[in-house]
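The following note sets out numbered points on the model shown below. Please read each point alongside the coordinates.

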Amino acid sequence: MAARINSQLESHTHSVFNFEPVQIDDLQTRWLNHHEQVLRSSLQTIRRYRAATTHLINFIAHKGVASKTSLFQVGHAEEFVHYLRTIKVAPNGHENSQKRHLLDKGIKYILQCCRSMFGYAIKRRHLSPYAENPFSSLDLDRIPIENAKVISIFSPDQEKKFLETCDDWQFPIFLTLMLTGLRPGELTHLLLPEDLDLNVGMLYVRNKPHLGWQVKTRNEREIPLIDELRDVLTISVGDRVTGPVFLQRRYSSGSVRPEINDHSEKQLEDLLQQRLAQEETASGKAINRNQWLNISRTIWRDSGALKTDRIRTEFIRLTKQIDLPQFTAPKSLRHLFATCLQDGNVDPLIRSELMGHSTSATNGASHGLGMTATYTHSRPETKRKQLANALLIRLAVQIAKTWYIRYSTKFNNLDDQTKFKGNMWHIK
């Protein structure tokens, strides 16, 4: 060790005992830049990391405690926990929202982000070589989650009432969420014809990095469509062969066309490149990731794609109509789907694949399959059979049958079924 240190000193390089203390707000900037430029984390993830670690910056400024990495000790980390339990925040991030105390799950997430940030500081020698991570000493895994927000899922009667309250534009959207377990963001970024094959009855969730969207976990997957859902989507899609699977309400009648119409995925990608080039020419400098993402969103908007926020707005409107105001998140339909797979005794590996969770060996601890996931392969027919058996008892399936029969019977003589507007449940 002494010889190694002498050699490092002679060559004027950092020895093993050298470290560079930095201000904690500077550490936050370096850590977030590392995620931005090196790890290429999603912009949404980086925003969450920034929001979480900014609580630490505010704590240091408010309490006047050690602002340098080398001076921040375990005692300061414990004091930070006390601080987090006293502050109030807006749960949805809006300034005008009613503020409340942080929940245990939120506090734990903030502390985990701070622990990761100081872990980065140790690797970059911003702490002394003999110092430990002050947040690792808190034993975060033992912090209990006592006041977490309760996840509610529909009972069979509530599910039936919810779907029967949907109009014909809402019905295919929420039925698809119920019977596929898609995340709302995945549903709004489905494109024809690549992501929906009604002939074989299969839905494909794919990353679209050239259009500015990727699956949350980056895990692509295929989901079999039961016959009832395929029938409903056949009517919903109509004769369209390109563009988003689910359109905004104003385009559902067919009388109004989106600004970008009849474009394939490749054509949409080319159009995005044209808009990016125009923006760079107009500004005279290269655009950053945020600007790139904002421009990519204009492609989805102009092609008529449904917004994720609109799904939540429609969901809340429907739940209020049926006197279930406690249901405010469409994500509960994904919980309902996962619960249905559990009730139907679906194989754990198939369950993970249908939900889009990781089944790789490197993440084996998270799903309990370990290397089994690497050596096990689910045949499409096996996945389809298990999914169909699990969904067989769902009232949503019976309601979908009724919707399809009423629609096809009432309008089988019309040349353009998409011209119909209104709620099919009122048809006698």
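**Note on the predicted model**

1. The side chains of Glu186 and Arg183 are joined by a polar contact of 2.6 Å. A polar contact is a pair of N or O atoms within 3.5 Å; within protein, one must be able to donate a hydrogen and the other to accept it, and residues adjacent in sequence count only if both atoms are side-chain atoms. Glu186 also reaches the side chain of Arg221 through a polar contact of 2.7 Å. Glu186 belongs to helix α8 (residues 184–188); helices (H or I, at least four residues) and strands (E, at least two) are DSSP runs, numbered from the N terminus. With a relative accessible area of 2%, Glu186 is buried, where buried means under 20% relative accessible area, exposed over 50% and partly exposed in between (1.4 Å probe, protein chains only).

2. On the basis of the note: the model is predicted, so that local features need pLDDT of at least 70 and side-chain atom pairs count only at pLDDT 80 or more, while totals for chains, interfaces and linings use all residues. Residues are numbered from 1 along each chain as its sequence is written, and side-chain values use heavy atoms, with hydrogens and water left out.

3. How many salt bridges does a search of the whole structure find? The search gives 22, a salt bridge being a side-chain nitrogen of Lys or Arg within 4 Å of a carboxyl oxygen of Asp or Glu. As background, side chains of opposite charge can pair when their charged atoms come close. Asp167, Arg249, Arg310, Glu314 and Arg317 are linked in a network of such bridges.

4. Two individual pairs may be considered together. Asp270 forms a salt bridge with Lys266, with 2.9 Å between the closest N and O atoms. Asp270 and Lys266 are separated by about one helical turn because they lie four residues apart in helix α10 (residues 265–283). Asp270 counts as partly exposed, at 34% relative accessibility. In the salt bridge between Asp139 and Arg142, the closest N and O atoms are 4.0 Å apart. Here Asp139 is partly exposed, with a relative accessible area of 36%, whereas Arg142 counts as exposed at 69%.

5. A further salt bridge joins Glu353 to Lys383, the closest N and O atoms being 3.3 Å apart. This pair links distant parts of the chain, with Glu353 in helix α14 and Lys383 in helix α17 (residues 380–391), 30 residues apart. Both Glu353 and Lys383 are buried.

6. Six of its eight residues are buried, so that the helix is mostly covered; the buried residues are Leu349, Ile350, Ser352, Glu353, Leu354 and Met355. After α14 comes Gly356, whose phi is positive, near 80°.

7. A positive surface patch is formed by Arg47, Arg48, Lys105, Lys216, Arg297 and Lys331. Patches are made of residues with over 30% relative accessible area and no salt bridge; like charges are joined within 9 Å, and nonpolar side chains (Val, Leu, Ile, Met, Phe, Trp, Tyr) within 5 Å. Lys331 lies in helix α13 (residues 331–343) and counts as partly exposed at 49%. The C-alpha atoms of Lys331 and Gly181 are separated by 8.8 Å, although these residues are 150 apart along the chain.

8. Which backbone features lie in loops? The peptide bond from Leu192 to Pro193 is cis, with omega near -5°, and Pro193 lies in the loop between β3 (191–192) and β4 (196–197). Arg125, a residue other than glycine, has a positive phi near 60°; its place is in the loop between α5 and α6 (156–165), and at 34% relative accessibility Arg125 counts as partly exposed. Asp323 is not a glycine but has a positive phi of about 60°. Asp323 lies in the loop between α12 (308–321) and α13 and is exposed, with a relative accessible area of 60%.

Note on methods: Areas by Shrake-Rupley, 256 points an atom, 1.4 Å probe, with all protein chains shown as cover. Lys, Arg positive; Asp, Glu negative; His and termini not counted. Charge placed at Lys NZ, Arg CZ, Asp CG, Glu CD.
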